[in-house]
Each structure stands twice: as C-alpha cells, then as structure tokens.
Amino acid sequence: MSDESPAMSRTTAEWQAADAAHFLHPFTDFQSLAAKGSRIITRAEGIYLWDSEGHKILDAMSGLWCVNVGYGQQALIDAATKQLETLPFYNAFFQTATPPAIELAELLAEVTPPQFEHVFFSGSGSEGNDTVVRMVRRYWDLLGQPERQIIISRKNAYHGSTMAGASLGGMSGMHVQGGLPIPGIVHIEQPYWWELGRPQGLTREAFGLQAAGWLEEMILDMGPENVAAFIGEPIQGAGGVIIPATTYWPEVQRICNQYGVLLVSDEVICGFGRTGHWWGCETLGFQPDLMTFAKGVTSGYVPLGGVMVGQRVADVLIQQGGEFNHGYTYSGHPVACAVALANIRLIRSLKLVEHVHDDVGPYLAEAFRQLAGHPLVGDAETCGLMGALLLVKDKLSGEAFDESVGIGMVCRSHCFNQGVIMRAVGDRMIIAPPLVITRNQIDDMVALIRRCLDLTLADAQREGWLR
Ligand code: PXG
C-alpha cells in the first residue's frame, strides 16, 4: 500500500466493518453493501481519487456531479481555513449578515443571467427546491391568486430527496416510499427522444416540440389558473443525461409565458460551466424566473445550495411580501460562502467555462462520436462535459438488452475494476468529469471507457445476451 493518508490508521477490512456496523448510506441496500463492503476513498488530486488499497481511479463523475474545479485546489482550502479562523458561523436570520454571504450574493448576481439580482441560500439542492415550492406558492398568494398551487415537473426528473425535492422529482422508486408526491405536484413525460420520439419515427426536433406540447396539455388539463410553475433540469442528470432537442426549451418558455406560469430551471448539475456556459438555461436557450443551484457552487468542497430569484418574483416578494416565513440555519453559511467565492473566482481565472465551451467540450464530443462506432453503443451524446452512451443489444435496430441482464451494471462493475468511475442509469453509461480535465486526460478516460465496453461486449457474447 502506497497510501500515506490517515486511512492507514485502519485496514480496509476494518473500515468496511465499522462502516457496515454504523453508517446507513444514501440510496443503498444496506444489507447487500454490508455483505460486499464499501470502497473506501481516502484522498484525491485533480481528476483522480485513491482508495484505501492504493488504487488510482479516474473520477469521470466529479464526485457526484460537483467537483467542477477538480480536487486539491489550494484557493478553496485557504478560503475555508481563513473563514473558519475568522468567523466559522453566524446566522442571517435576525437582521444580521456576514461579509462572505453578502459578497457571494453580489457575485452570483454578476455571473447569472440579467434577470437575477437576488439569491436565497440553502444548504443543498434538495433544500433549494423546497425553497422553490414555498416561494412560488407564496408569490401567487401575494398576487391574490392562491389557487395557483400546482407545480408541473417531469417523469425521470431528479430534484432531490427531501419531501418536496422527491415529489418534484419523477422517480417512481422514490414516490412509492413515503406516500409521495405531496399534493399539488404533477408530472409530464420527459423529452427523451430515444425512448419516446424515435419509436414514432419523429426527428429529434419534431419530438422536442411534441414533448413541450405535453406541458401545454397538462396546463390546460389542470386549468392555467391553478398552475404555479414548471420545473425542469435543462439536461436531466441523474435521469441519465437526457439532452433535449434544441426545439424543446424555447417552446417550453413560450408556453409558460402564454399562461403566465413561472419557469424554474434546476441548475444543480448544469450550473457553473458544466454545459459550456455558466448556466444550462443559457446553453438550452431559455430565461427562467427562478434557478436552483448547489454542487458546483463550491465544487462540492463544502455543502451549499440556493435559489436565484428573478426580478419578476423578487419584486413581489420584496415590495408586497412582508415576512417570508422560511429559512435554514445554514442559509448563507459564512464558510460555505467563502469557499463558493474562491471557487467562482477560480472558475473565472482559469477560464473554465471557455475551456469547456471551446476546447474540452468539443474534444469530448468528438471522442464520443468515435465511441458511437462501438458494437454495443446505440447512441452517444454529449453537451459540454456531460455525456451518455446508450448500450444496446442490436446496433442497427436499436433493440435494448433484456432488462434482467442489467447491462449498465455489468459495464459499471468493469469501470470499477478498471479504475474509472462512470454512472449507470439503466442502459445509459454517463459521465460528467471535472471541468479542469485536459485533452490528454480525456484520451485516457476514453481509452478506459472503451476497454470497459470491450469487456462488457465479451461478457455479452460469452453469456449469450446478444441472441
Ligand atoms: N436537483 C438536481 C438536478 C440534482 O441533480 C438535486 C437537485 C439535489 O441536490 P442535493 O444537494 O440535495 O443532493 C440534485 C442532486 C445521481 C445523483 O445518482 C444525483 C444527485 C444526487 C445524488 C445522486 O446521479 N443530484
């Protein structure tokens, strides 16, 4: 073992035993993890992680879609240390504020689209979306339209794991646990061309318009006078990197405008340069009234989230609102805000948004075009530094593997063993590497991915899954 980190204080088996005994992991089958043992990640640098066995792993998922500036950035570490020494905590409830929170609010107003001058801070993306639900309903109350309660979202969306976040999300596996969604949240179909447009023989663009049309149908079904808002991720992340056609979002915008419905962009994954612009809504071509952010705001170094509040909503909340009875202990946490300031300044000084837009984004797109030639890959798509490979049984017809094969999980376990982290979402293998990734590192990543595809193909041939 070459690992010199504190992990050396216990063996991997000891870490795993203590983990299994006490730590209930998120989204995990506790018993099966305990039987298998967690992989213990002990340190990281740049785009690489090391586990307690000393293995080096290329982190093609940026932690969990968040470590945009990569690991080990001294400016963020220094910002946290300095703030911890100066003022580790003070709240923003009782007519007080701290310099980092004020400065971050100011800087966010600068790097977000022009309609945004105000921010409401939370501790995470889920909490941010809880704030969205509270805020849009409050907005319509203040305008004397309290019946505007319904928020429309989409199937296979991910908006977090709190009661409101999971309700806004369209994951049926989450809804069946805990009696969700909460009242007043309804879902339309997602803009997933491969699943819903291609079988109808529609072009991506025509399907984009059809999928946006489902929003209009739902608004009319519910009665526009009852609809408060529509929320969506510009590109669905956890749902499998579903990149909508260019026609989709402008049409969604047109529909929201027509019926006066607030438009909310969940930028928790797409924000802070991921798609090659600062915000996913800029890449996809729409102007939301509210934007949820988290993850990339601090590159995941410490937890922070929030909601950018556009002028339309801010004017009402501020001028007619009185007290908004909502907030979190950690709204505007000074250490988190100090790290976010350092992070955003670093994104700027390293020109990471331009790096994604002009250099590594197009480079990754080309590499994925090459991977599209692989016998297992039915479709390969990227936007900025998000990408997905759809694994299919028959490349020509696009026929899917039998679900019982779990082809994505087979491929993912090869990734695990080959030292690259990809996510499997059904049959979609997805990546979102740190924005600091270089062309050479993309070559290394794609070579590893290709090797995992080859190993998966060999399994499929040996096991007879292709018949
Ligand atoms: N909105 C979006 C779009 C997200 O991707 C959240 C909200 C919730 O953020 P918090 O900070 O409360 O987790 C997310 C989170 C996955 C995965 O498996 C994705 C997320 C979280 C956990 C797992 O891809 N995204």
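1. Let's start with where the ligand sits. Domain 1 (12-69 + 351-463) and domain 2 (74-349) each give at least three residues to the shell around the ligand. Keep in mind as you look that this is a predicted model.

2. Who are the neighbours? There are 16 residues around the ligand, and Trp 65, Gly 125, Ser 126, Asp 266 and Arg 423 are the ones that come nearest. By type, the shell around the ligand splits into six nonpolar, six polar and four charged residues.

3. Which helix gives the most to the shell around the ligand? Helix 6 does, with three residues.

4. Now zoom in on the polar atoms. In the side chain of Ser 126, an N or O atom is 2.5 Å from an oxygen atom of the ligand. Arg 423 has a polar side-chain atom 2.6 Å from a ligand oxygen. With Lys 295 the ligand atom is a nitrogen, and it lies 3.2 Å from an N or O atom in the lysine side chain. As for cover, the ligand taken alone exposes 540 Å², and the protein buries 83% of that.

5. Next, have a look at the second largest pocket. It holds about 830 Å³ of space. Its lining is made of 26 residues, and those nearest the centre are Ala 92, Val 119, Phe 120, His 326 and Ser 331. Sorted by type, the lining has 16 nonpolar residues, nine polar and one charged.

6. Which element gives the most to the lining of the second largest pocket? That is strand 4, with four residues. Helix 5 (99-111), strand 4 (116-122) and helix 13 (311-320) each supply at least two residues of this lining.

7. Two spots in the backbone deserve a second look. As background, most peptide bonds are trans, and most residues other than glycine have a negative phi. Here, the peptide bond from Leu 180 to Pro 181 is cis, with omega near 0 degrees. You'll find Pro 181 in the loop between helix 8 (172-175) and strand 6 (185-188).

8. The other spot is Phe 27. This residue isn't a glycine, yet its phi is positive, at about 45 degrees. Where is Phe 27 found? Look in the loop between helix 1 (12-22) and helix 2 (30-36).

Notes
Residues are numbered from 1 along each chain as its sequence is written. This is a predicted model: local features need pLDDT of at least 70, side-chain atom pairs count only at pLDDT 80 or more; totals for chains, interfaces and linings use all residues. Side-chain values use heavy atoms; hydrogens and water are left out. A residue is near a molecule or strand if one of its heavy atoms lies within 4 Å of it. A polar contact is a pair of N or O atoms within 3.5 Å; within protein, one must be able to donate a hydrogen and the other to accept it, and residues adjacent in sequence count only if both atoms are side-chain atoms. Accessible areas come from the Shrake-Rupley method with a 1.4 Å probe; for residues, only the protein chains shown count as cover. Ala, Val, Leu, Ile, Met, Phe, Trp, Tyr, Cys and Pro count as nonpolar, Asp, Glu, Lys and Arg as charged, and the others, Gly among them, as polar. Domain bounds come from an automatic or database domain assignment. On a 1 Å grid over the protein atoms alone, a cavity is a set of points where a 1.4 Å probe fits but cannot get out, and a pocket is an open set with protein on both sides within 12 Å along at least five of seven lines; lining residues have an atom within 4 Å of a point. Grid points are joined across faces, edges and corners, and a volume is the space filled by probe spheres set on the points.
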